[in-house]
Amino acid sequence: MNAKNVVFITGAFVTNLGWKDWQNYFESKGYTTSAPPWPFKNGTPQELRDRQPNDTDLAALTLTQLVDHYAGIVSSFPEKPIAIGHSLGGLVTQILVNRDLVAAGIAIHPLPPQGIIPYEFSFLKGGWKSLGFFTSLKKTYLMSFKDWQYAFVNGMSLEDQKAAYEQNTIPESKTVARGGLTSAAKVDFAKPHPPLLITAGSTDHIIPAHLNLRNYKKYKPSDSVLDYKVFEGRNHFVVGQPTWKEDADYILDWLDKQ
């Protein structure tokens, strides 16, 4: 693949700063990278947590606005870039691929598009609070450490879980989370598209591999490149796990083949 610009797309609940090691690694391989924050998330995790729960601008952010934000970014390049998104960022990546706005997309443990009902128990347990039912949409949601342990960093030492929480966790818009259940999350599964790779982790709770497999199988057979890969021992903190470089190498090799 000739494209050498990479846009990393962050998921919900976490800072865009978590891509830093990935950016450095991809740049060492000859790529130019960026990892722009979501709207109203330009700050350190502590700065953003200090606004909790009264960050009304973030609270009002919608999934449509978030997708448009990243669509504007990738469209600003002279040539279509590669999009690499994690979790909800993986959903955004699929939408950008579906709109033919990127040269290729890699969706890491992605939230699925509309039409794939996430009935898996671990997804419901790990993510239902972010929807904020029976709470004010004018207030943001901050994942508790206990929920973080289950949803993101299961299987890691307590010390590493705490460090990951302090370095990454930030408040979230309940409105964006709810958008994943609406037409804002729609893709045309039958439409030809640029190359797309969906990855999953065998120990991911909040976006279990079974859900990612159902996402992959929803696409209709076509001449478009569509691949799926499960990594053993990966939880939802996959971008920051010690094994992240193995995942990055797999993605780099996949891109070289396109």
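**Stop 1**

With a relative accessibility of 8%, P45 counts as buried; buried means under 20% relative accessible area, exposed over 50% and partly exposed in between, with a 1.4 Å probe and protein chains only. Before you go on, note that this is a predicted model, in which local features need pLDDT of at least 70 and side-chain atom pairs count only at pLDDT 80 or more, while totals for chains, interfaces and linings use all residues. Residues are numbered from 1 along each chain as its sequence is written, and side-chain values use heavy atoms, leaving out hydrogens and water.

P45 sits in helix α2 (residues 45–49). Helices (H or I, at least four residues) and strands (E, at least two) are DSSP runs numbered from the N terminus. Show what surrounds P45: leaving aside neighbours within four places in sequence, P45 is in contact with T15, L17, E166, Q167, N168, T169 and I170. Contact here means heavy atoms within 4.5 Å. For a sense of scale, draw a distance from the C-alpha atom of P45 to that of L111: they are separated by 22 Å, and the two residues are 66 apart along the chain.

**Stop 2**

Now select T169, one of the contacts of P45. T169 lies in the loop between α8 and α9 (174–179). Is T169 buried or exposed? It is buried, with a relative accessible area of 0%. Beyond neighbours within four places in sequence, its contacts are F13, P45, R49, L142, M143, W148 and A164.

**Stop 3: the nonpolar cores**

W148 also belongs to the largest nonpolar core, which has 48 residues; L63, L88 and W148 touch the most other members. A nonpolar core is a set of buried Ala, Val, Leu, Ile, Met, Phe, Trp, Tyr and Cys residues joined through side-chain atoms within 4.5 Å. Colour the elements that give two or more residues to this core: β1 (5–9), α4 (63–75), α5 (88–98), α7 (145–151), α8 (158–168) and β5. Among these, α4 gives the most, with seven residues. There is also a second, separate core of 23 residues, which includes A3, F8, I108 and W244.

**Stop 4: the sheet**

Switch to a cartoon view. Six strands form an open sheet in the order β2-β1-β3-β4-β5-β6, with parallel pairing. Two strands pair if DSSP finds at least two bridges between them. At the edges are β2 (32–34) and β6, each pairing on one side only.

Select β3 (residues 82–86). Five of its five residues are buried, so β3 is largely enclosed by the rest of the structure. I82, I84 and H86 lie on one side, with A83 and G85 on the other. Four bridges join β1 and β3 in the parallel sense, and F8 has I84 as its bridge partner. On the β4 side, β3 pairs in parallel over five bridges, with I84 opposite I106.

Follow the chain onwards: β3, α5 and β4 make a right-handed β-α-β unit. Right-handed means that, with the strands pointing away from the viewer, the path from the first strand over the helix to the second runs clockwise.

**Stop 5**

Select β5 (residues 196–201). Why is this strand largely enclosed by the rest of the structure? Six of its six residues are buried. L196, I198 and A200 point one way, and L197, T199 and G201 the other way. Strand β4 (residues 104–108) pairs with β5 in the parallel sense over four bridges, and T199 is the bridge partner of I108. Six bridges join β5 to β6 (residues 226–231), running parallel. From β5 the chain crosses through α10 (residues 209–218) to β6, another β-α-β crossover that is right-handed.

Finish on α10, where A209, L211, N212 and N215 are buried. Look down its axis: the buried residues fall within an arc of 160°, so they line one face of the helix. That arc is taken from the directions from the helix axis to the C-beta atoms. These buried residues pack against α5, α6 (121–127), β5 and β6.
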